[in-house]
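Here is a short briefing for a first look. Keep the sequence and the 3D view side by side as you read.

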Amino acid sequence: MAILTKEEARALMQKVLSYSKADECEVNLSGSDGGNIRYARNSVSTSGGTSSGSLVVQSSFGKKVGVATINEFDDASLEKVVRRAEELARLAPENPEFMKNLGAQTYDPPPATFVTSTANITPKQRTDMVAQSLRIAKENKLTAAGFLENSAGYSAMMNTSGVFAYNTSTNVNFNVTLRTEDGKGSGYASKGYNDVTKLDVASATRIAAQKAAGSSAAKAIEPGKYTVILEPAAGIVLLENLYFGLDARSADEGRSFLSAPGGKTKLGQKLVDERITIYSDPNDPDLPTSSWNGDGRPMKKTTWIDKGVIKNLSYSRYWAEKKGVPALPGPDGITMVGGNASLEDLIKSTEKGILVTRLWYIRPVDPQTLLFTGLTRDGTFYIENGKIAFPVKNFRFNESPIIMLNNLDALGKPERTVSGESGVHAMIPPMKIRDFTFTSLSDAV
Amino acid sequence: MKRRNFLYLSGIGAASAMLPGVPVWGNPIHPDELLSPVDVALKKQLADVALNAARSKGATYTDVRIGRYLNQYVVTREEKVQNIVNTESYGMGIRVIANGSWGFAATDKLDKDSIAQAAALAVSIAKENSRLLTEPVRLAPQKGYGEVSWKAPIEKNAFEVPIKEKVDLLLSVNDAAMKGGADYINSILFLVNEQKYFASTDGSYIDQDIHRIWPTFTVTKIDQKTSKFETRDSLSAPTGMGYEYLLPRPQDRISGGMTPLYKNRYDMLEDAKSAVKQVQEKIVAKSVEPGKYDLVLDPSHLWLTIHESVGHPSELDRVLGYEANYAGTSFLTLDKWESKKFNFGSKLVNIVADKTQVGSLGAVGYDDEGVKTKKWDIIKDGILVNYQAIRDQAHIIGLNESQGCCYADNWSSVQFQRMANISLQPGKEKKSIDDLIRGVKKGIYIIGNGSFSIDQQRYNFQFGGQLYYEIRDGKIAGMLKDVAYQSNTQEFWNACSAIADESDYRLGGSFFDGKGQPGQVSSVSHGSSTARFDGVNVINTARKIG
């Protein structure tokens, strides 16, 4: 569906609420228009344009609640989805954890999440950008596979108790893998922004090309503990398991890496190196995010880890009420504070170590120590005396971001980074880490 | 009451004018409406609008998918129902070839003008893309089937089962776990119904009705002294069945081992009672000594190893490089297949692809590009003999027709090659689980799937499970914890030394196999009997943090 203006969204949601016969009703409405182009084997493969919308209706009678969603917006469908949510609510047993509607909220002015030039990207523009990337691949006798997508969307929320929230956003993401013709070298680059004018497809492709050519004929070195430099695209996939895991309830319940003996938590304790500070800020000009979260609570700047100390945990409205604390929504738009050093500076300062471009297939192994496993991919290099000496074969690692951030050697300058696992953007510095644990070798290129 | 009565009232002067005979009617809709499918005649009319519009813009091939996707989730923890959710998504995806290139567009507005606009957008995207084409798309021939239909052979439609019955089941499971000494239990019932209609310029109009069900739970136990905790997940499998999956029958229970195991039907209550005992055993279990062990792997565990190490590398799109930027490529390169002697596994290893297996997640009558489904060999007596392909790839491996592996997870997603059900065939000799364990001097018996990770070419993997039992001199010697095994795909399958017989054959599977950009999920089953793998490297995963 087309992107509804604030007033159109308001009118549609008011109509939905007008059908409600429940004690309370809450409506979330969203829609997006977008397009993408995918290429592989140096040629375009699949691509397309999608326009879609979704309406989520939550109805409640006392503490009995039901939810129904639909993507049709004629009056009959709107009424149908309300009736369906009410029917489910009537059939549901009481949920003692159900929280009554939020009352009217005040939100900060919307951050600059919507950029018109991104919303206006045409299929021709996408094809032109991909043509630049393919040209660089062919000039370097490399095989490209990549993906470019853009979207413009809105989300809105209204309830029968006075909440009305609305936000628009645009996104453009580009990522590319270049491989040598013999399949022995592979390089990767990934960029994502709200504003397409910040996206330099050619420059990202050139980085991937250098990594591909440079990673060919990698040597096998013994797995074990090594000093590593994690580029932001490698670091983010481990770090996001830490900063999206700062949940009070699971810590209080004793089933989190933040749980402590005797029913206590590690809130207020120093958990990682004192150089680690992680915050979220909806108004960060490099990474603007929505001024409200999915359940209607305002999003404010929040420090989660301050100089290595766990400063805040997120609380659902229910858990906050039970614990008698403010209900703090979980983070969006994360920044991990770094320094001014560039990636090159970190390499120069390293006597012996391994440069990691990307980590892949990250899965939890042990939730109580936040141990994760996964592999290096698309450019892994041995560093000797401040220089990249030779490419090395990929490793499997078993490592915890908490152990990793206690073995911190140096931080570089944060940059906007897209997670290859979750797709979420964050400001992440390159990191130099001691004693990173590689447990086996992989033949994969 | 037919759904056609209210569906196309949106923006709808045009639609009703275009579709004579569709009454415009706007009374309130009862939730049971969920159960009435969209009228097939109406879908054919909508599909023809798209086919004609694309052809008029210059498409040389078009297919149209009209999908109505229904999900229901019942989410509980302990004595509480946290949420009951019904979702519905309805729309149309149009895929075309123009100037030799693919184009795709999707819309959730199904009036004549919106459909024509989406068709035109798909054609214009294809024409733009053709500037970057190195070789025009080559489709394997496919005959049109005319107007046909296929329905999953379910016994009891889970969407027709009253919510109360589902809630009562989950709460009784939770109650049993809590009474047994669990600190927490989360349980969920996922239900899926895909009502999808496919039409193409080849002359097929295919209406299909697909059902899936997945009941699952996680039991947690905390050791208050040390604040360590352990979990045990359900040993259920997501299946392509109706609610009958949750109605246990004695003949589907495999008993006598370390825990009751289930085929075809699942006893959720009994499994929860087992789980709460086992999670307490896990707390005090011995931490594994790292080293080489012979592994005896239950089908509730082995399905995921098959999925990652056999299913994915034999997908032809990965082999060819179409997934190089995301899901990865494959070590099973074409030269290995052409040699006809690539030794993927031991002679015992026979692996089939099967899109027809009753009760499996991947079973359909026709795939999402109108190809009738089938069964074929991937690994025969240990040798790589075939891949999984779709229409625009078939010629690359010398096939005259597609293998029917095309799937899109929604009307708004473009269809592409997805994994068929990939299953290890049972051993031909009569062998039980006990027979496999009896032959092991130093080993570990693993039940249930846990942590999993594999590299982008599918060589190096690491897997955990739910339950680990030490085997010493042919006998179970107690429970272990902190276990994960790491291996290389070819070494692992060549270390396969025994497979239990057909009586032990069971399906596991996943609702959420991820692939593609933008990412899509697919549901797929993997069958096997219990199998043994000799001399596999086991690591200890215990760590300490501050």
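Where in chain A does UniProt place the feature "domain: Metalloprotease TldD/E central"? The UniProt record, an unreviewed entry, puts this feature at residues 143-213 of chain A. Bear in mind that this is a predicted model.

**The annotated span**
- Residues 143-213 of chain A are 59% strand and 18% helix.

**Two domains in chain A**
- Chain A is divided into domain 1, residues 6-212, and domain 2, residues 218-445.
- Taken over C-alpha atoms, the centres of domain 1 and domain 2 of chain A are separated by 25 Å.
- Domain 1 of chain A puts 28 residues into the contact, and domain 2 of chain A puts in 22 residues.
- On the domain 1 side, the elements that give two or more residues are strand 5 (164-180) and strand 6 (186-193) of chain A.
- Strand 6 of chain A gives the most to that side, with six residues.
- By residue type, the domain 1 side that touches domain 2 of chain A divides into 11 nonpolar, 13 polar and four charged.

**Where the chains meet**
- In the contact between the chains, 78 residues of chain B meet 91 residues of chain A.
- Strand 2 (residues 80-98) of chain B supplies the largest share of the chain B side, 12 residues.
- The chain B side that touches chain A divides into 35 nonpolar, 31 polar and 12 charged residues.
- Strand 2 of chain B also pairs with strand 3 (residues 64-70) of chain A.
- That pairing is in the parallel sense and runs over two bridges.
- Val67(A) stands opposite Val85(B), which is in strand 2 of chain B.

**A closer look at Val276(B)**
- Val276(B) sits in helix 5 (residues 268-284) of chain B.
- Is Val276(B) buried or exposed? Val276(B) counts as buried because it has 22 C-beta neighbours inside 10 Å, and the cut-off for buried is 20 or more.
- Leaving aside residues up to four places away in sequence, Val276(B) touches Ala177(B), Gly180(B), Gly181(B), Ala182(B) and Val219(B).
- Val276(B) and Lys164(B) are 112 residues apart in sequence. In space, they are 25 Å apart, C-alpha to C-alpha.

Note on methods:
Residues are numbered from 1 along each chain as its sequence is written. Chains are lettered from A and ligands numbered from 1 in the order in which they are written. This is a predicted model: local features need pLDDT of at least 70, side-chain atom pairs count only at pLDDT 80 or more; totals for chains, interfaces and linings use all residues. Helices (H or I, at least four residues) and strands (E, at least two) are DSSP runs, numbered from the N terminus. A residue is buried if 20 or more other C-beta atoms lie within 10 Å of its own, exposed if 12 or fewer, and partly exposed in between; C-beta atoms are placed from the backbone. Two residues are in contact if their C-beta atoms, placed from the backbone, lie within 7 Å. UniProt positions are given in the numbering used here, feature names are shortened, and annotations may be inferred rather than shown by experiment. Ala, Val, Leu, Ile, Met, Phe, Trp, Tyr, Cys and Pro count as nonpolar, Asp, Glu, Lys and Arg as charged, and the others, Gly among them, as polar. Two strands pair if DSSP finds at least two bridges between them. Domain bounds come from an automatic or database domain assignment.
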